[in-house]
Amino acid sequence: MARLLAKTCCFKALSQAPRCPSGLVAARSWSHKPLTAYMPEAVAFCRPKDHQDLYKVSVEQSDIFWGVLGRSRLTWITPFHSVQDCNLCDGRISWFLGGQLNVTVNCLDRHVHVAPDKVALIWEKDEPGEEVRVTYRELLELTCRLGNTLKRQGVKRGDRVTIYMPPCPLAVASMLACARIGAVHAVVFAGFSAESLAGRIQDARSETVITVNQGLRGGKIVELKKTVDQAVKQCPGVKRVLVSMRTTSKVPMTALDVPLEEEMMKEDACCEPAVMDSEDMLFLLYTSGSTGKPKGLVHTQAGYLLFAALTHKYVFDYQDRDIFGCVADIGWITGHTYVVYGPLCNGGTTVLFESTPIYPNPGRYWETVERLRINQFYGAPTAIRLLLKYGDEWVKKYDRSSLKLLGSVGEPINKEAWEWYFRVVGETRCPVVDTWWQTETGGICISPRPSNPGAEILPSMAMRPFFGISPCLLDEKGNVLQENDVSGALCISQAWPGMARTIYNDHRRYLETYLTRCPGFFFTGDGVYRTSEGYYQLTGRLDDVISISGHRLGTAEVEDIVTHHVAVAESAVIGYPHEIKGEGAYVFVVLKKDSGYTQETVATELQELISKKIAKYAAPDYVQVTHRLPKTRSGKIMRRVLRKIVENKANELGDLTTLDDHEAVQHIIEGHKHLVERQKGH
């Protein structure tokens with residue numbers, strides 16, 4: 001990569017552009033900041049007296065709030081003339097109408113003008129201690145060279161470019177190069193099978209794929225180029241495959257292949273940024289639904305970027321010299337928003353994590369925190385529960401004094417994991433922010449901060465809506481639940497800039513999935529409990545609800561109790577058909593090492609515990625101990641696989657291309673058979 005950075009990049013993009021304030025403020029405790037220091041633009045909002053007032057402005061005077069922030073936080077080529085034209089009833093969603101900009105100017109050029117040698121990316125390679133730092137100047141050069149390469153290869157404005165790469169600087173530069181020239185990137189997680197990759201290439205109608213020869217993960221070589229070759233055989237529309245060299249190993253090249261680094265060396269280090277309308281497509285990102293083929297969600301330019309930057313800044317209290325450590329893969333929305341676009345728009349330093357939480361040992365996260373001096377750490381509850389299983393010593397072995405805040409993303413975090421995260425990892429001095437959001441929302445929508453940064457944070461609870469987010473609860477008949485201490489379907493009652501605009505080539509599916517089910521509201525598909533204090537606690541997907549003898553029971557609620565047991569490291573709770581009760585609860589647990597518990601003893605205690613904590617009807621019929629739960633390579637538990645197993649449909653498990661450990665599934669199938677037979681015998 002160093003050879004690609006030999007020239008000095010030109011900065012035409014900002015020669016005429018105004019420099020706008022970054023909005024970053026001095027690192028102090030939020031509770032002691034005056035409101036204008038916290039958000040300088042607050043002076044334009046009729047002097048709100050506190051953070052709750054500021055939140056009210058954001059939802060009650062939405063045009064004023066987003067208009068002021070859009071003008072001050074983004075650099076525009078042409079200013080917008082209208083803040084929004086949105087109607088959730090008919091699916092019309094447009095923000096910053098008439099505005100023109102380029103996302104990479106906001107993420108790169110304007111920061112290069114101020115601090116060209118500031119580190120933009122820290123690439124934490126698979127092997128610890130081999131990190132690579134890339135400055136803003138260098139990242140702009142990589143982006144420009146790659147952008148010029150794409151144009152020379154025939155990529156035009158509006159073309160979709162599929163990126164199948166592990167976290168690395170060239171993967172980020174590939175995303176930014178697409179944005180630079182007006183192409184649309186579609187990043188596919190570099191763990192999907194050839195069949196899954198082909199389906200996404202075909203749906204996006206991509207003519208260009210960018211990949212690497214091989215990936216490295218957990219000390220193992222991953223043959224990514226080979227997967228691309230298999231996928232492209234099913235995609236006659238692909239005209240070129242740009243191949244970067246992650247390792248020194250040579251791989252077979254086809255007639256479609258283009259050696260990426262060689263071609264980039266031929267290009268100039270300056271690429272004129274395309275002038276993009278605020279509602280032009282920025283990227284597609286595919287997300288699986290409970291049924292049907294993956295959905296290609298469309299995110300656009302200005303609204304997404306502003307929302308990504310604001311949530312990154314205010315949810316995590318990101319300050320100018322902080323090192324932000326989000327360990328998500330760039331193939332997911334978390335990587336898009338909180339590894340790439342949010343931190344870079346804020347001029348921050350962001351970590352690209354290539355490895356796994358337990359390679360070469362369970363202390364990997366915390367060794368990385370010590371070595372890189374990470375200030376904010378953002379990870380998934382699944383990984384936290386996994387590491388909890390290995391005990392405290394792997395955490396306490398490393399210096400974590402640089403940490404200021406801990407974040408949780410991906411699914412509701414149970415109380416035991418939250419408390420361990422807070423007490424052991426954060427040494428009780430780092431707030432833990434449990435964040436709720438989706439690929440569809442573009443960025444964080446509910447978290448303990450920033451609506452009232454000085455207020456308390458409660459364990460395993462997302463708590464408060466972000467600026468401009470107006471959540472509401474609906475019952476099964478679609479009625480709005482006004483009271484507190486109630487559960488319902490989580491919906492959002494007004495549009496926000498970061499939301500996905502449509503499903504690519506299938507707007508009807510977008511309307512049916514998110515807008516027509518509850519007319520006038522954005523339907524998230526998640527269940528939520530609103531406490532007596534008005535805080536929000538996510539209870540899991542609405543299709544992760546068990547109806548036992550007519551009683552509705554959220555599986556996340558049961559899992560929270562199960563994992564609170566002293567012997568349990570991880571759990572997954574699902575419903576299964578019951579001939580009398582309609583559905584019953586089936587619990588899978590992974591025990592902590594050397595817990596001393598047997599299948600029978602832990603089952604008895606969990607049944608008693610759940611009966612006591614919830615009700616007798618909630619007690620599981622089955623408790624199965626297993627060595628591992630089936631997970632994707634990104635760490636999400638594949639609950640649909642568990643459902644099929646307990647429904648005795650092990651021959652109908654479906655697509656397992658993202659499964660991390662196939663032996664775990666076979667072990668669970670055998671364990672299920674033995675457990676059912678044993679209980680029948682009793």
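Q: How far apart are the end C-alpha atoms of residues 557-636, and how much of the span is helix and strand?
A: This is a predicted model. In it, the end C-alpha atoms of residues 557-636 lie 18 Å apart, and the span is 26% helix and 31% strand. UniProt, in an unreviewed entry, lists these residues as "domain: AMP-binding enzyme C-terminal".

Q: Which residues does the annotation "domain: Acetyl-coenzyme A synthetase N-terminal" cover?
A: According to the unreviewed UniProt entry, that annotation covers residues 52-107. The ends of this span are 30 Å apart, C-alpha to C-alpha, with 46% of it helix and 25% strand.

Q: Into which domains is the chain divided?
A: The division gives domain 1 (40-99) and domain 2 (549-681). Their centres, taken over C-alpha atoms, are separated by 46 Å.

Q: How do strands β1 and β2 run, and how many bridges join them?
A: Start with the general idea: in a regular strand the side chains alternate between the two faces of the sheet. Here, β1 (residues 82-87) and β2 (residues 92-97) run antiparallel and are joined by five bridges. Across the pair, Gln84 stands opposite Trp95 in β2. The two strands form a hairpin with four residues between them, and Gly91 in the turn has a positive phi of about 80°.

Q: What is the order of strands in the open sheet of eight strands?
A: The order is β12-β11-β8-β6-β7-β14-β15-β26, and the pairing is mixed. The edge strands β12 and β26 (502-503) each pair on one side only. Within the sheet, β6 (residues 160-164) and β7 (residues 184-187) run parallel, with four bridges between them. Ile163 has Val187 in β7 as its bridge partner.

Q: Is Asn106 buried or exposed?
A: The cut-off for buried is under 20% relative accessible area. Asn106 counts as buried because its relative accessibility is 0%. Asn106 is found in helix α4 (residues 103-114). A polar atom of its side chain lies 2.6 Å from the backbone nitrogen of Thr75. Leaving aside neighbours within four places in sequence, Asn106 is also in contact with residues including Arg73, Leu101, Leu305 and Cys345.

Q: Why is Thr254 described as partly exposed?
A: Partly exposed is the class between buried, under 20%, and exposed, over 50%. Thr254 has a relative accessible area of 39%, so Thr254 is partly exposed. Its place is the loop between β11 (240-244) and β12 (257-259). Not counting residues up to four places away in sequence, Thr254 touches Lys225 and Asp229. Gly215 is 39 residues from Thr254 in sequence and 19 Å from it in space, C-alpha to C-alpha.

Q: Which residues touch the most other members of the largest nonpolar core?
A: In soluble globular proteins, nonpolar side chains tend to be buried together. The largest nonpolar core in this model has 137 residues, and Leu139, Tyr341 and Leu344 touch the most other members. Another core, of 29 residues, lies apart from it; among its members are Ile323, Phe377, Leu387 and Trp418.

Q: Which residues is Leu139 in contact with?
A: Leaving aside neighbours within four places in sequence, the contacts of Leu139 are Leu108, Ala120, Leu121, Val134, Val172, Ala173, Leu176 and Leu344. Leu344 is also among the contacts of Asn106.

Conventions
Residues numbered from 1 in each chain as written. Predicted model: local features only at pLDDT ≥ 70, side-chain atom pairs only at ≥ 80, totals over all residues. Heavy atoms only, no water. Domains from an automatic or database assignment. UniProt positions renumbered as here; feature names shortened; annotations may be inferred. Buried < 20%, exposed > 50% of the residue type's maximum accessible area, 1.4 Å probe, protein only. Contact = heavy atoms within 4.5 Å. Pairing = 2+ DSSP bridges. Polar contact = N/O pair within 3.5 Å; in protein donor to acceptor, adjacent residues only side chain to side chain. Core = buried A, V, L, I, M, F, W, Y, C linked by side-chain atoms within 4.5 Å.
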